[in-house]
Structures are given as structure tokens and as C-alpha cells.
Amino acid sequence: MAKSKGGVTVGKVRELCKPIVEGFGLTLWDVRYVKEGADWYLRIFIDKPDGVDITDCEKVSRAINDPLDELDPIENAYCLEVCSPGIERELICDEHFNKFIGSDIMVKMLRPIDGIGKEFNGVLKGYDDGMVTISDHGNENEITINKKDAAWIKLDDFD
């Protein structure tokens with residue numbers, strides 16, 4: 001069975017979709033295959049610098065539909081969704097972290113960190129081989145965490 005952020009299914013779908021998405025001048029942000037209630041969802045997240053609109057999602061959806069049917073990477077019925085990663089987008093891969101160095105982020109850890117807690121905000125100061133360096137707002141205190149110890153790390157797009 002496929003995992004939501006990895007696995008064979010997601011890898012196959014990512015390989016198939018990436019050139020199609022890039023052909024529209026877009027970036028493939030993420031692919032997720034998740035079960036919600038009784039239903040399975042294949043979500044293709046796309047992005048571009050000035051933001052994704054419904055037309056972009058529609059074009060990509062139509063373009064990947066037949067190739068997905070031919071590849072047939074998923075045995076059971078699923079709903080295909082093509083969407084924007086939205087505001088407060090989750091940073092997932094190395095490329096995301098490197099692109100957003102200097103940006104405000106929100107972090108939720110799997111376990112609390114002494115003196116900080118489980119959730120905190122800061123500025124993404126660096127990223128190297130899965131290690132994320134974050135500074136507090138307004139001072140020079142920095143913390144380095146392993147990405148795998150975080151439940152999620154998202155852009156903090158709200159002022």
C-alpha cells in the first residue's frame with residue numbers, strides 16, 4: 001500500500017507528472033496518495049511564481065488523466081485532485097528548503113523541544129542534508145533540528 005508522502009505509487013506518479021506539469025511552465029510541488037475516510041485521493045500539487053489558478057489545475061488534470069490511466073499505478077478507485085500547495089505550504093524536499101531560506105516558517109515537532117515546546121515560528125536560516133537551522137524572530141538565537149523530527153515545516157505567509 002502506498003504512503004502519503006512516499007512509496008512506489010507516489011514515485012511512479014511523480015515521474016509521469018513532472019514533465020507534463022513543467023510543459024505548462026509550472027512546478028510539481030508534491031504528490032500525495034492518501035486515504036480519507038473510505039475514499040482514496042491522489043493529489044497533485046502544482047505551483048508557479050505568481051500563483052496557480054483554476055485554469056492551471058484544469059489543464060494539468062486533463063493532460064495527466066489519460067497517461068495516468070495508461071500507467072495504472074493504483075489498483076483501487078481514487079479521486080484525482082490537482083491543486084495549489086496554497087499559503088502556509090509545507091516544505092518537503094531539499095529544493096523547497098533551499099528556495100525559501102530567509103523566509104518565515106512555522107514548525108510543529110513530533111516531540112517538544114526543551115525550552116521551546118512542540119510548535120514555534122522563526123526564520124529559515126539554513127538547510128543542509130536534512131538539518132534545518134531556524135532563528136528566533138528579533139534575536140540571534142538559532143536552533144538546528146532534523147527535518148525527520150518535525151511533523152511539518154510550513155511557510156508562515158501571514159504577517
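In this predicted model, Ile46 touches a set of residues from several parts of the sequence, among them Val21, Trp29, Val60 and Val82, when residues up to four places away are left aside. Ile46 is also, with Leu42 and Ile44, one of the residues with the most contacts inside the largest nonpolar core. Two aspartates, Asp72 and Asp129, have positive phi values.

**Surroundings of Ile46**
- The contacts of Ile46 include Leu26, Thr27, Val52, Asp56 and Cys57.
- Cys83, Ser84 and Pro85 are also among the residues that Ile46 touches.

**Nonpolar cores**
- The largest nonpolar core has 19 residues.
- At least two residues of this core come from each of four elements: helix H1 (7-23), strand E1 (27-36), strand E2 (39-47) and helix H2 (54-71).
- Another core, of 18 residues, lies apart from the largest one, and Ile105, Leu124, Ile134 and Ala150 are among its members.
- In soluble globular proteins, nonpolar side chains tend to be buried together.

**Positive phi values**
- Most residues other than glycine have a negative phi.
- Asp72 belongs to the loop between H2 and strand E3 (79-83).
- Asp72 counts as exposed because its relative accessibility is 54%, and the cut-off for exposed is over 50%.
- For Asp129, phi is likewise positive and near 50 degrees.
- The loop between strand E5 (117-128) and strand E6 (131-135) contains Asp129.
- With a relative accessible area of 72%, Asp129 is exposed.

How values were computed
Residues are numbered from 1 along each chain as its sequence is written. This is a predicted model: local features need pLDDT of at least 70, side-chain atom pairs count only at pLDDT 80 or more; totals for chains, interfaces and linings use all residues. Side-chain values use heavy atoms; hydrogens and water are left out. A nonpolar core is a set of buried Ala, Val, Leu, Ile, Met, Phe, Trp, Tyr and Cys residues joined through side-chain atoms within 4.5 Å. Buried means under 20% relative accessible area, exposed over 50%, partly exposed in between (1.4 Å probe, protein chains only). Contact means heavy atoms within 4.5 Å.
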